[in-house]
Amino acid sequence: MSAAPEVRIVDDAEELACEAADLLVWLGQQAITAGGRFRVALSGGSTPKVLYTMLASPAFSGQLEWPRVDFFFGDERCVPPDHPDSNFGIANESLLRPLKIASGRVFRMRGEDSNPDQAARQYEDVIRKEFGASAPASPSFDLILLGLGDDGHTASLFAGTPALEERTRLVVANLAPRGVKNRLTLTTSTINHASTVLFLVSGISKADAVHVVLDDRDRDGGRVPAKLIRPVSGRLIWLLDRAAASALTVAKQGVVSHEE
Ligand code: 6PG
């Protein structure tokens with residue numbers, strides 16, 4: 001039985017990024033102290049850009065032994081790495097290049113490959129090699145960052161798509177209903193084996209989706225894939241700004257709102 005999600009509410013997008021940066025640094029320090037490495041899967045989309053820029057700023061860049069951090073990705077659009085829609089491209093510009101992360105510590109999904117299924121299988125091989133986790137073992141990321149779409153998707157796990165039914169593979173190709181259609185994504189099982197899963201959600205446009213995921217006890221993740229994210233034994237943290245949390249009812253009870 002997975003633990004209940006921890007819901008934290010902060011004032012705005014800037015404070016969301018600051019809170020997330022503090023948490024990522026803390027989790028990184030714990031992982032490096034315990035095992036010498038910190039393996040994190042970065043999220044795509046626009047929300048985490050503020051976090052990435054903040055981590056690369058003088059306020060945070062000196063707080064973590066970056067050479068001991070291995071950067072993976074939760075999902076990718078099937079575009080070249082220098083394409084404006086590339087999740088790797090966004091993280092590279094705002095975080096990896098500014099922090100001078102060695103290319104050998106960055107494990108990106110090859111969105112540019114002509115065969116997405118093969119690219120997904122290749123990425124699974126990379127993960128299994130880096131974690132030393134042969135099939136059928138499920139590797140455990142120290143941290144997986146996730147965003148939430150206004151339709152309740154997360155990573156590239158969209159309602160009604162085959163990826164939601166995948167039970168054995170770590171990574172699959174999937175189709176998105178809008179934007180860049182061909183995607184690569186970690187599966188729900190891979191995400192649910194992480195030590196910590198952190199959703200970063202900002203803005204009023206996400207308020208209804210946040211309410212459905214966190215207030216509505218209906219566990220049907222088929223229509224709202226983010227509901228399928230329930231770590232087997234790890235922590236699930238929802239970090240929301242006030243706008244994204246504005247439609248919350250049940251889940252808001254007992255929440256520590258940093259706005260107080
Ligand atoms: C992607 C992301 C996706 C994203 C949400 C929220 O590749 O687009 O993985 O799941 O996190 O769509 O996106 P925004 O942060 O841009 O609102």
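**Close-up views of a predicted protein model**

**View 1. Ser 156 and the residues around it.** If we skip its neighbours within four places in sequence, Ser 156 is in contact with Asp 75, Asn 174, Arg 183, Leu 184 and Thr 185 (contact means heavy atoms within 4.5 Å). You're looking at a predicted model, in which local features need pLDDT of at least 70 and side-chain atom pairs count only at pLDDT 80 or more, while totals for chains, interfaces and linings use all residues. Residues are numbered from 1 along each chain as its sequence is written, and side-chain values use heavy atoms, with hydrogens and water left out. To find Ser 156, go to the loop between strand E5 (143–146) and strand E6 (171–175). Helices (H or I, at least four residues) and strands (E, at least two) are DSSP runs, numbered from the N terminus. With a relative accessible area of 0%, Ser 156 is buried; that word means under 20% relative accessible area, with exposed being over 50% and partly exposed in between (1.4 Å probe, protein chains only).

View 2. Ala 155 isn't a glycine, yet its phi is positive, at about 50°. Look for Ala 155 in the loop between E5 and E6. Its relative accessibility is 12%, so Ala 155 counts as buried. Lys 100 isn't a glycine either, and has a positive phi of about 55°. This lysine, Lys 100, sits in the loop between helix H4 (87–96) and H5. Is Lys 100 buried or exposed? At 73% relative accessibility, Lys 100 counts as exposed.

**View 3. Phe 107 and what it touches.** Phe 107 is in the loop between H4 and H5, and it is buried, with a relative accessible area of 11%. Which residues does Phe 107 touch, not counting those up to four places away in sequence? They are Asp 70, Phe 71, Phe 72, Phe 73, Tyr 123, Val 126 and Glu 130. Take Phe 71: Phe 107 and Phe 71 are 36 residues apart in sequence, but 6.0 Å apart in space, C-alpha to C-alpha.

**View 4. The cis peptide bond at Pro 136.** Going from Ala 135 to Pro 136, the peptide bond is cis, and its omega is near 10°. You'll find Pro 136 in the loop between helix H5 (116–131) and E5.

**View 5. Helix H7 and its buried face.** Helix H7 covers residues 207–214, and Ala 207, Ala 209, Val 210, Val 213 and Leu 214 are buried in it. Why do we speak of one face of H7? Looking down the axis of H7, the buried residues fall within an arc of 165°, so they line one face of the helix. That arc is the one made by the directions from the helix axis to the C-beta atoms. The cover over the buried residues of H7 includes strand E1 (6–10), strand E8 (196–201) and strand E9 (235–241).

**Zooming out: the whole protein.** Altogether, the secondary structure comes to seven helices and 10 strands. The radius of gyration is 17 Å, close to the 18 Å from the globule rule for 260 residues, so the protein is as compact as a globular protein of that length. This radius is taken over C-alpha atoms, and the rule is 2.2 Å times the number of residues to the power 0.38. Buried residues make up 53% of the 260 residues.
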